Amino acid sequence: FLSLFFSSFCFFFFQAEDGIRYAQESRGLGDVYKRQVDFLALGVPDYPIIVTHPMDFSTVHSKLVGGQYSHVDQLAADCRLVFSNARLFNPPDHIIYKMATDLSKFFEKKYE
């Protein structure tokens, strides 16, 4: 049962990933959310002080294919963490904040 359940959720996750990729590319944002934030390269040394539990979709993907989630809610929590971190660090008028809000709504709609 769990295997079938995760297979279904994997399909959903990769569908959602396609939506995220499209949103990123259409706004010229490339790797946003896909990789860990390189706060030194981005010149935001306070990032790890503000965002104490970083998460990105490459980590979510690795945990998913590595069998590190025992329940779908754990995977959903990590996805939500990606978006909440983006909103925590960036001001509401920033494109990263706005995109996180949009993608979060997309995720929740698909997750229902």
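## Terms and basis of the model

Helices (H or I, at least four residues) and strands (E, at least two) are DSSP runs, numbered from the N terminus. This is a predicted model, in which local features need pLDDT of at least 70 and side-chain atom pairs count only at pLDDT 80 or more, while totals for chains, interfaces and linings use all residues. Residues are numbered from 1 along each chain as its sequence is written, and side-chain values use heavy atoms, with hydrogens and water left out.

## The chain as a whole

The protein chain has five helices and zero strands, so that, read from the N terminus, the order of its elements is α-α-α-α-α. Of its 112 residues, 32% count as buried, a word that stands for under 20% relative accessible area, whereas exposed stands for over 50% and partly exposed for what lies in between (1.4 Å probe, protein chains only). Taking contact to mean heavy atoms within 4.5 Å, 64% of the contacts between residues at least 6 apart in sequence join residues at least 24 apart.

## Helix 4 and residue A76

Helix 4 covers residues 72-89, and A76 lies in it. The helix has 18 residues and reaches 26 Å from its first C-alpha to its last, close to the 26 Å expected at 1.5 Å a residue, where the expected span is 1.5 Å times one less than the number of residues. Its buried residues are V72, L75, A76, D78, C79, V82, F83, N85 and A86.

A76 has a relative accessible area of 0%, and is therefore buried. If residues up to four places away in sequence are not counted, A76 touches F107 and Y111; the C-alpha atoms of A76 and Y111 are separated by 8.0 Å, although these two residues are 35 apart along the chain.

## Helix 5 and its two sides

Helix 5 (residues 95-111) has 17 residues, which at 1.5 Å a residue should span 24 Å, and this agrees with its end C-alpha atoms, which are 24 Å apart. Which residues of helix 5 are buried? They are I96, M99, A100, L103, S104 and F107. Because these residues cover an arc of only 140 degrees around the axis, they lie on the same side of helix 5; the arc is that of the directions from the helix axis to the C-beta atoms. On the other side of helix 5, K105 and K109 are exposed.

An α-helix has 3.6 residues a turn, so residues three or four places apart point the same way.
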